[in-house]
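Reader: I'm new to this one and would like a walk through it. Can we start with the open spaces and go on from there?

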Amino acid sequence: MRNDRRRASGVLRRLTALVLAAVMLCLSAGCARREAHDYYVAGAEAMAQGDFETAGSLFQKTVETGEFLPDAYRGLGLSYMCRNNYADACVALERARLYGESKDAAFVRDTALYLAYCRACHNETDKALDIYTSMLTQEEDAEVYFLRGRLLLKSGDEEGAAADFDKAASLSHDDSLFISIYQLYHERQKDADGAAYLRQGLAMAEQDADAYIGRALVYYYLQNYREAKAQLTAGLEKNPSDREALLLLGKVYLAMDDVTDARAMFTAHLKDDDLMAAAYDGLALCDMAEGSYQTALAYIQKGLSLNDETTRRSLLFNEIVAYEYLNDWETARARAAAYIAAYPADENGLRENEFLSTR
(Lines give C-alpha, C1' and ligand atoms only; values in the text may rest on other atoms or scores of the structure.)
Protein backbone atom coordinates (compact mmCIF):
# COMPACT_ATOMS: atom_id res chain seq x y z
CA MET A 1 0.00 0.00 0.00
CA ARG A 2 2.66 2.52 1.01
CA ASN A 3 4.97 1.48 -1.83
CA ASP A 4 2.17 2.19 -4.31
CA ARG A 5 1.77 5.68 -2.93
CA ARG A 6 5.45 6.40 -3.51
CA ARG A 7 5.71 5.10 -7.07
CA ALA A 8 5.56 8.61 -8.59
CA SER A 9 9.01 10.20 -8.94
CA GLY A 10 9.86 13.47 -7.24
CA VAL A 11 9.77 16.71 -9.18
CA LEU A 12 13.53 17.03 -9.33
CA ARG A 13 13.98 13.44 -10.48
CA ARG A 14 11.24 13.75 -13.11
CA LEU A 15 12.59 16.98 -14.58
CA THR A 16 16.21 15.87 -14.31
CA ALA A 17 15.20 12.81 -16.34
CA LEU A 18 14.80 15.17 -19.28
CA VAL A 19 18.47 16.03 -18.99
CA LEU A 20 19.55 12.40 -18.63
CA ALA A 21 17.48 11.40 -21.65
CA ALA A 22 19.24 13.98 -23.76
CA VAL A 23 22.67 12.85 -22.58
CA MET A 24 21.90 9.23 -23.43
CA LEU A 25 20.57 10.19 -26.84
CA CYS A 26 23.65 12.26 -27.47
CA LEU A 27 25.98 9.40 -26.53
CA SER A 28 24.12 6.88 -28.66
CA ALA A 29 24.22 9.17 -31.68
CA GLY A 30 27.86 10.08 -31.23
CA CYS A 31 26.69 13.58 -30.39
CA ALA A 32 26.39 14.50 -34.08
CA ARG A 33 24.33 17.53 -33.15
CA ARG A 34 25.98 19.03 -30.11
CA GLU A 35 23.99 22.22 -30.52
CA ALA A 36 20.68 20.33 -30.18
CA HIS A 37 21.97 18.55 -27.12
CA ASP A 38 22.97 21.81 -25.45
CA TYR A 39 19.60 23.40 -26.20
CA TYR A 40 17.78 20.40 -24.77
CA VAL A 41 19.80 20.19 -21.56
CA ALA A 42 19.45 23.94 -20.98
CA GLY A 43 15.70 23.64 -21.54
CA ALA A 44 15.41 20.83 -19.02
CA GLU A 45 17.39 22.83 -16.48
CA ALA A 46 15.14 25.86 -17.03
CA MET A 47 12.09 23.63 -16.43
CA ALA A 48 13.60 22.37 -13.18
CA GLN A 49 14.08 25.99 -12.07
CA GLY A 50 10.50 26.95 -12.95
CA ASP A 51 11.46 29.23 -15.86
CA PHE A 52 8.91 27.78 -18.26
CA GLU A 53 9.13 30.50 -20.88
CA THR A 54 12.88 30.09 -21.31
CA ALA A 55 12.45 26.31 -21.30
CA GLY A 56 9.88 26.53 -24.06
CA SER A 57 12.17 28.66 -26.20
CA LEU A 58 15.04 26.22 -25.75
CA PHE A 59 12.90 23.16 -26.50
CA GLN A 60 11.62 24.91 -29.64
CA LYS A 61 15.23 25.45 -30.75
CA THR A 62 15.88 21.76 -30.11
CA VAL A 63 12.90 20.82 -32.29
CA GLU A 64 14.20 23.04 -35.08
CA THR A 65 17.43 21.03 -35.22
CA GLY A 66 15.45 17.83 -35.92
CA GLU A 67 17.20 16.00 -33.07
CA PHE A 68 15.70 14.38 -29.95
CA LEU A 69 12.21 15.08 -31.28
CA PRO A 70 10.10 12.93 -28.89
CA ASP A 71 11.78 14.40 -25.80
CA ALA A 72 11.98 17.91 -27.21
CA TYR A 73 8.31 18.00 -28.16
CA ARG A 74 7.30 16.62 -24.77
CA GLY A 75 9.43 19.22 -23.02
CA LEU A 76 7.86 21.90 -25.21
CA GLY A 77 4.40 20.61 -24.38
CA LEU A 78 5.13 20.63 -20.66
CA SER A 79 6.44 24.18 -20.85
CA TYR A 80 3.16 25.26 -22.47
CA MET A 81 1.13 23.25 -19.95
CA CYS A 82 2.95 24.90 -17.07
CA ARG A 83 1.94 28.29 -18.52
CA ASN A 84 -1.68 27.15 -18.92
CA ASN A 85 -1.38 27.40 -22.71
CA TYR A 86 -3.27 24.18 -23.28
CA ALA A 87 -3.91 24.61 -27.02
CA ASP A 88 -0.21 24.72 -27.90
CA ALA A 89 0.53 22.08 -25.27
CA CYS A 90 -1.83 19.69 -27.05
CA VAL A 91 -0.12 20.25 -30.40
CA ALA A 92 3.36 19.65 -28.97
CA LEU A 93 2.33 16.60 -26.94
CA GLU A 94 0.59 15.05 -29.94
CA ARG A 95 3.85 15.36 -31.84
CA ALA A 96 5.74 13.88 -28.91
CA ARG A 97 3.43 10.86 -29.09
CA LEU A 98 3.88 10.61 -32.86
CA TYR A 99 7.67 10.66 -32.73
CA GLY A 100 7.83 8.70 -29.47
CA GLU A 101 6.01 5.51 -30.47
CA SER A 102 9.20 3.50 -30.01
CA LYS A 103 10.10 5.08 -26.66
CA ASP A 104 9.84 3.17 -23.38
CA ALA A 105 6.46 2.49 -21.79
CA ALA A 106 6.89 5.11 -19.06
CA PHE A 107 7.48 7.86 -21.63
CA VAL A 108 4.46 6.81 -23.68
CA ARG A 109 2.20 6.58 -20.61
CA ASP A 110 3.18 9.88 -19.07
CA THR A 111 2.94 11.74 -22.37
CA ALA A 112 -0.57 10.36 -22.89
CA LEU A 113 -1.59 11.46 -19.38
CA TYR A 114 -0.24 14.96 -19.95
CA LEU A 115 -2.06 15.17 -23.27
CA ALA A 116 -5.36 13.96 -21.80
CA TYR A 117 -5.10 16.53 -19.02
CA CYS A 118 -4.40 19.34 -21.50
CA ARG A 119 -7.27 18.22 -23.74
CA ALA A 120 -9.63 18.36 -20.78
CA CYS A 121 -8.37 21.79 -19.73
CA HIS A 122 -8.85 22.95 -23.33
CA ASN A 123 -12.51 21.90 -23.09
CA GLU A 124 -11.95 18.88 -25.32
CA THR A 125 -13.46 16.40 -22.92
CA ASP A 126 -14.31 13.81 -25.57
CA LYS A 127 -10.73 13.74 -26.85
CA ALA A 128 -9.39 13.40 -23.32
CA LEU A 129 -11.78 10.52 -22.64
CA ASP A 130 -10.70 8.86 -25.89
CA ILE A 131 -7.08 8.95 -24.74
CA TYR A 132 -7.90 7.34 -21.41
CA THR A 133 -10.07 4.71 -23.09
CA SER A 134 -7.34 3.90 -25.60
CA MET A 135 -4.85 3.45 -22.78
CA LEU A 136 -7.23 1.13 -20.95
CA THR A 137 -7.77 -1.06 -24.00
CA GLN A 138 -4.03 -1.73 -23.98
CA GLU A 139 -3.61 -2.26 -20.24
CA GLU A 140 -5.82 -2.02 -17.17
CA ASP A 141 -4.46 0.73 -14.98
CA ALA A 142 -6.01 1.89 -11.70
CA GLU A 143 -4.77 5.47 -12.07
CA VAL A 144 -6.13 5.78 -15.59
CA TYR A 145 -9.51 4.40 -14.51
CA PHE A 146 -9.48 6.97 -11.70
CA LEU A 147 -8.60 9.83 -14.05
CA ARG A 148 -11.27 8.84 -16.55
CA GLY A 149 -13.79 8.53 -13.72
CA ARG A 150 -12.76 11.94 -12.44
CA LEU A 151 -13.40 13.49 -15.83
CA LEU A 152 -16.72 11.67 -16.22
CA LEU A 153 -17.85 12.87 -12.80
CA LYS A 154 -16.87 16.42 -13.69
CA SER A 155 -18.88 16.05 -16.91
CA GLY A 156 -21.97 14.93 -15.02
CA ASP A 157 -21.82 11.21 -15.86
CA GLU A 158 -22.08 9.92 -12.30
CA GLU A 159 -22.90 6.37 -13.36
CA GLY A 160 -19.91 6.12 -15.67
CA ALA A 161 -17.68 7.70 -13.05
CA ALA A 162 -18.79 5.22 -10.38
CA ALA A 163 -18.07 2.31 -12.72
CA ASP A 164 -14.54 3.58 -13.32
CA PHE A 165 -13.95 4.27 -9.63
CA ASP A 166 -15.13 0.76 -8.79
CA LYS A 167 -12.75 -0.69 -11.35
CA ALA A 168 -9.85 1.43 -10.06
CA ALA A 169 -10.61 0.32 -6.50
CA SER A 170 -10.63 -3.33 -7.53
CA LEU A 171 -7.16 -2.99 -9.08
CA SER A 172 -5.45 -0.87 -6.45
CA HIS A 173 -3.91 -1.46 -3.04
CA ASP A 174 -3.11 2.23 -2.67
CA ASP A 175 -5.01 3.88 0.20
CA SER A 176 -4.47 7.31 -1.37
CA LEU A 177 -6.62 6.27 -4.34
CA PHE A 178 -9.62 5.58 -2.10
CA ILE A 179 -9.07 8.91 -0.38
CA SER A 180 -8.86 10.74 -3.72
CA ILE A 181 -12.19 9.26 -4.80
CA TYR A 182 -13.72 10.34 -1.50
CA GLN A 183 -12.39 13.88 -1.99
CA LEU A 184 -14.04 14.13 -5.41
CA TYR A 185 -17.42 13.22 -3.94
CA HIS A 186 -16.83 15.44 -0.90
CA GLU A 187 -16.36 18.44 -3.20
CA ARG A 188 -19.80 17.72 -4.65
CA GLN A 189 -21.45 17.37 -1.23
CA LYS A 190 -21.86 13.63 -1.80
CA ASP A 191 -19.93 12.43 1.23
CA ALA A 192 -22.05 9.31 1.58
CA ASP A 193 -20.96 8.10 -1.87
CA GLY A 194 -17.33 8.90 -1.11
CA ALA A 195 -17.39 7.34 2.34
CA ALA A 196 -18.18 3.99 0.76
CA TYR A 197 -14.73 4.04 -0.85
CA LEU A 198 -13.11 5.06 2.42
CA ARG A 199 -14.71 2.06 4.10
CA GLN A 200 -13.44 -0.15 1.29
CA GLY A 201 -9.94 1.20 1.82
CA LEU A 202 -10.26 0.65 5.55
CA ALA A 203 -11.39 -2.97 5.06
CA MET A 204 -8.37 -3.56 2.86
CA ALA A 205 -6.02 -1.97 5.39
CA GLU A 206 -7.44 -4.04 8.23
CA GLN A 207 -6.24 -7.19 6.48
CA ASP A 208 -2.65 -6.08 7.00
CA ALA A 209 -1.57 -5.77 10.62
CA ASP A 210 1.24 -3.39 9.62
CA ALA A 211 -0.95 -1.07 7.52
CA TYR A 212 -1.52 1.33 10.39
CA ILE A 213 -0.86 4.38 8.20
CA GLY A 214 -3.53 3.28 5.74
CA ARG A 215 -6.02 2.84 8.55
CA ALA A 216 -5.00 6.13 10.14
CA LEU A 217 -5.43 7.99 6.83
CA VAL A 218 -8.95 6.68 6.39
CA TYR A 219 -9.87 7.57 9.96
CA TYR A 220 -8.32 10.99 9.42
CA TYR A 221 -10.56 11.69 6.43
CA LEU A 222 -13.55 10.29 8.28
CA GLN A 223 -12.64 12.89 10.95
CA ASN A 224 -12.24 10.17 13.56
CA TYR A 225 -9.05 11.77 14.85
CA ARG A 226 -8.97 9.83 18.11
CA GLU A 227 -8.78 6.49 16.27
CA ALA A 228 -6.30 7.90 13.73
CA LYS A 229 -4.06 8.96 16.61
CA ALA A 230 -4.36 5.52 18.22
CA GLN A 231 -3.34 3.77 15.00
CA LEU A 232 -0.32 6.02 14.49
CA THR A 233 0.79 5.81 18.10
CA ALA A 234 0.70 2.01 17.94
CA GLY A 235 2.62 2.02 14.68
CA LEU A 236 5.29 4.37 15.96
CA GLU A 237 5.89 2.11 18.92
CA LYS A 238 7.02 -0.50 16.38
CA ASN A 239 8.90 1.93 14.13
CA PRO A 240 9.78 5.24 15.86
CA SER A 241 11.55 6.57 12.77
CA ASP A 242 8.62 6.25 10.37
CA ARG A 243 8.57 9.76 8.90
CA GLU A 244 5.26 9.29 7.13
CA ALA A 245 3.57 8.29 10.37
CA LEU A 246 5.16 11.19 12.23
CA LEU A 247 3.98 13.69 9.64
CA LEU A 248 0.47 12.31 9.66
CA LEU A 249 0.37 12.29 13.45
CA GLY A 250 1.27 15.96 13.39
CA LYS A 251 -1.62 16.60 11.00
CA VAL A 252 -3.91 14.74 13.36
CA TYR A 253 -2.78 16.98 16.22
CA LEU A 254 -3.46 20.02 14.05
CA ALA A 255 -6.92 18.71 13.13
CA MET A 256 -7.56 18.41 16.87
CA ASP A 257 -6.44 22.07 17.27
CA ASP A 258 -3.41 20.95 19.24
CA VAL A 259 -0.74 23.05 17.53
CA THR A 260 1.48 23.04 20.62
CA ASP A 261 1.94 19.25 20.71
CA ALA A 262 2.33 19.10 16.93
CA ARG A 263 5.07 21.73 16.96
CA ALA A 264 6.85 20.07 19.87
CA MET A 265 6.82 16.72 18.08
CA PHE A 266 8.22 18.12 14.84
CA THR A 267 10.84 20.24 16.61
CA ALA A 268 12.09 17.19 18.50
CA HIS A 269 12.76 15.40 15.21
CA LEU A 270 14.89 18.20 13.73
CA LYS A 271 17.85 16.49 15.39
CA ASP A 272 17.38 13.34 13.30
CA ASP A 273 18.98 13.60 9.84
CA ASP A 274 16.60 11.00 8.41
CA LEU A 275 13.52 12.85 9.68
CA MET A 276 14.66 16.45 9.31
CA ALA A 277 12.85 17.14 6.01
CA ALA A 278 9.59 15.73 7.38
CA ALA A 279 10.05 17.80 10.55
CA TYR A 280 10.45 21.01 8.51
CA ASP A 281 7.35 20.06 6.53
CA GLY A 282 5.44 19.58 9.77
CA LEU A 283 6.63 22.88 11.22
CA ALA A 284 5.45 24.58 8.03
CA LEU A 285 2.01 23.08 8.60
CA CYS A 286 2.03 24.39 12.18
CA ASP A 287 2.87 27.88 10.97
CA MET A 288 0.16 27.78 8.33
CA ALA A 289 -2.34 26.68 10.96
CA GLU A 290 -1.43 29.85 12.86
CA GLY A 291 -1.47 32.06 9.76
CA SER A 292 2.32 32.53 9.55
CA TYR A 293 2.76 31.77 5.86
CA GLN A 294 6.09 33.49 5.27
CA THR A 295 7.65 31.54 8.12
CA ALA A 296 6.06 28.40 6.72
CA LEU A 297 7.74 29.05 3.36
CA ALA A 298 11.10 29.40 5.11
CA TYR A 299 10.65 25.97 6.69
CA ILE A 300 9.57 24.51 3.33
CA GLN A 301 12.70 25.84 1.63
CA LYS A 302 14.84 24.31 4.36
CA GLY A 303 13.09 21.00 3.83
CA LEU A 304 13.48 21.12 0.05
CA SER A 305 17.19 21.93 0.35
CA LEU A 306 17.70 18.51 1.95
CA ASN A 307 16.66 16.75 -1.30
CA ASP A 308 14.67 14.14 0.58
CA GLU A 309 12.59 12.44 -2.12
CA THR A 310 10.24 10.83 0.41
CA THR A 311 9.09 14.20 1.75
CA ARG A 312 9.60 16.37 -1.34
CA ARG A 313 6.13 15.83 -2.73
CA SER A 314 4.41 17.01 0.46
CA LEU A 315 6.74 19.99 0.77
CA LEU A 316 6.03 21.12 -2.77
CA PHE A 317 2.29 20.85 -2.33
CA ASN A 318 2.37 22.79 0.94
CA GLU A 319 4.46 25.44 -0.80
CA ILE A 320 1.62 25.97 -3.29
CA VAL A 321 -0.89 26.35 -0.47
CA ALA A 322 1.30 28.86 1.38
CA TYR A 323 1.60 31.07 -1.69
CA GLU A 324 -2.17 30.88 -2.14
CA TYR A 325 -2.77 32.19 1.36
CA LEU A 326 -0.29 34.98 0.71
CA ASN A 327 -2.36 35.88 -2.38
CA ASP A 328 0.75 35.45 -4.52
CA TRP A 329 -1.28 33.90 -7.30
CA GLU A 330 1.41 34.11 -9.97
CA THR A 331 3.93 32.12 -7.94
CA ALA A 332 1.26 29.68 -6.76
CA ARG A 333 0.18 29.03 -10.36
CA ALA A 334 3.77 28.40 -11.44
CA ARG A 335 4.38 26.02 -8.53
CA ALA A 336 1.11 24.16 -9.18
CA ALA A 337 1.92 23.78 -12.88
CA ALA A 338 5.34 22.34 -12.06
CA TYR A 339 3.72 20.01 -9.51
CA ILE A 340 1.31 18.43 -11.98
CA ALA A 341 4.11 18.18 -14.54
CA ALA A 342 5.83 15.90 -12.05
CA TYR A 343 2.72 14.16 -10.70
CA PRO A 344 0.19 14.00 -13.57
CA ALA A 345 -2.21 11.73 -11.67
CA ASP A 346 -2.12 13.52 -8.31
CA GLU A 347 -5.68 14.56 -7.39
CA ASN A 348 -4.61 17.31 -4.97
CA GLY A 349 -2.29 18.84 -7.54
CA LEU A 350 -4.87 18.66 -10.31
CA ARG A 351 -7.45 20.31 -8.09
CA GLU A 352 -5.12 23.11 -7.01
CA ASN A 353 -4.00 23.78 -10.58
CA GLU A 354 -7.60 24.04 -11.77
CA PHE A 355 -8.48 26.34 -8.87
CA LEU A 356 -5.49 28.61 -9.54
CA SER A 357 -6.22 28.83 -13.27
CA THR A 358 -9.22 31.01 -12.35
CA ARG A 359 -7.22 33.37 -10.14
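**Pockets, rings and cavities**

Author: The second largest pocket holds about 380 Å³ of space. A pocket here is an open set of points on a 1 Å grid over the protein atoms alone, with protein on both sides within 12 Å along at least five of seven lines; a cavity is a set of points where a 1.4 Å probe fits but cannot get out, and lining residues have an atom within 4 Å of a point. A volume is the space filled by probe spheres set on the points, which are joined across faces, edges and corners. This is a predicted model: local features need pLDDT of at least 70 and side-chain atom pairs count only at pLDDT 80 or more, while totals for chains, interfaces and linings use all residues. Residues are numbered from 1 along each chain as its sequence is written, and side-chain values use heavy atoms, with hydrogens and water left out.

Reader: Which residues lie nearest the centre of that second largest pocket?

Author: A105, V108, R109, M135 and Q138 do, out of 17 lining residues. Two or more residues each come from α6 (86–99), α7 (105–121) and α8 (125–138). Helices (H or I, at least four residues) and strands (E, at least two) are DSSP runs, numbered from the N terminus.

Reader: Which of the elements gives the most to that lining?

Author: α7, with six residues. By class, the lining has seven nonpolar, four polar and six charged residues. Ala, Val, Leu, Ile, Met, Phe, Trp, Tyr, Cys and Pro count as nonpolar, Asp, Glu, Lys and Arg as charged, and the others, Gly among them, as polar.

Reader: Back to α6. What do its buried residues pack against?

Author: They pack against α5 (69–81), α7 and α21 (347–356). The buried residues of α6 are Y86, A89, C90, A92, L93 and A96. Buried means under 20% relative accessible area, exposed over 50%, and partly exposed in between, with a 1.4 Å probe and protein chains only.

Reader: New topic. How many aromatic pairs are there?

Author: The structure holds 15 aromatic pairs. One of them is F165 with Y197, which is edge-to-face at 6.3 Å centre to centre and 85 degrees between the planes. Rings of Phe, Tyr and Trp (its six-membered ring) pair if their centres lie within 6.5 Å; planes under 30 degrees apart count as stacked, over 60 as edge-to-face and the rest as tilted.

Reader: And where do F165 and Y197 lie in the chain?

Author: F165 is in helix α10 (residues 158–171) and Y197 in helix α12 (residues 191–205), 32 residues apart, so the pair links distant parts of the chain. F165 is buried, with a relative accessible area of 0%, and Y197 is buried at 7%. Y197 also pairs with Y185: the ring centres are 6.1 Å apart and the planes are at 10 degrees, so this pair is stacked. F146, F165, Y185 and Y197 form one aromatic cluster.

Reader: What about cavities, how many of 30 Å³ or more?

Author: The count comes to two. The largest cavity has about 80 Å³ of space, and its lining includes Y117, Y132, R150 and E354. α9 (142–154) gives the most to this lining, with four residues. The lining divides into six nonpolar, no polar and three charged residues.

Reader: And which residues line the second largest cavity?

Author: R243, L246, L247, F266, H269, L275, A278 and A279. The volume of the second largest cavity is about 30 Å³. The largest share of this lining, three residues, comes from α15.

Reader: Last one. Where is N123 found?

Author: N123 is in the loop between α7 and α8. N123 has a positive phi of about 60 degrees although it is not a glycine, and N123 is exposed at 71% relative accessibility.

Technical notes:
Contact means heavy atoms within 4.5 Å.
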